[in-house]
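Hi there,

Here is the structure I promised to pass on to you. Have a look at it first, and then read my notes below.

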Amino acid sequence: MPEQTVTPGLKARVELTVTDADTAQAVGSGDVPVLGTPRVLALAEAATVAATARHLPPGSTTVGVRVELEHRAPTPVGRTVAAEARLDEVDGRRLLFTVTVTDGAETVAQGRVERVLLDRQRFVERASGAS
């Protein structure tokens, strides 16, 4: 794998306007019509992917391997939440991010996401053979 170009300090922000399809009721994580935790996690991961997307060596990708997320506040349908990710640590192929999801000034969720840098083609081939 070519030498990596990802370095601590990389950041990204992604937004989501909550729809009925994003609710806990819709994703099966509860029975209330507010932003479901699985969608919060997906948004946080999308921010980590965006933070490194333009900095990865050719043919490389990252995959999530560990998540610690505290979903602290409900968000109703129609509100827009923003996930911000910051790459805090690079240890070989291991990338550790801090993520924060906000609804205006309120923190909806926060946590850490660990991703691993790897060769995309080799990973897909290995995954295809695992079935």
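Thr-52 counts as buried, because its relative accessibility is 1% and the cut-off for buried is under 20%. Please keep in mind that this is a predicted model. You will find Thr-52 in helix α2. Which residues does Thr-52 contact, leaving aside its neighbours within four places in sequence? They are Val-6, Leu-10, Thr-62, Leu-87, Leu-95 and Phe-97.

Two of those names, Leu-87 and Phe-97, come up again in the largest nonpolar core. This core has 23 residues, and the ones touching the most other members are Leu-35, Leu-43, Val-81, Ala-83, Leu-87, Phe-97 and Val-101. At least two core residues come from each of β1 (11-17), α2 (37-52), β3 (80-91), β4 (94-103) and β5 (106-119). Helix α2 gives the most, with 5 residues. As a general point, nonpolar side chains tend to be buried together in soluble globular proteins.

Neighbours within four places in sequence aside, Val-101 is in contact with Val-40, Leu-43, Val-81, Ala-82, Ala-83, Glu-106, Thr-107, Val-108 and Ala-109.

Last, a position from a record: an unreviewed UniProt entry lists Gly-64 under "binding site". Gly-64 is found in strand β2, residues 60-71. Is Gly-64 buried, exposed or partly exposed? Its relative accessible area is 40%, so Gly-64 is partly exposed. Not counting residues up to four places away in sequence, Gly-64 touches Glu-45, Glu-114 and Arg-115.

Enjoy exploring!

Best wishes

Definitions and conventions:
Residues numbered from 1 in each chain as written. Predicted model: local features only at pLDDT ≥ 70, side-chain atom pairs only at ≥ 80, totals over all residues. Heavy atoms only, no water. Core = buried A, V, L, I, M, F, W, Y, C linked by side-chain atoms within 4.5 Å. Buried < 20%, exposed > 50% of the residue type's maximum accessible area, 1.4 Å probe, protein only. Helix = DSSP H or I, 4+ residues; strand = E, 2+ residues; numbered from the N terminus. Contact = heavy atoms within 4.5 Å. UniProt positions renumbered as here; feature names shortened; annotations may be inferred.
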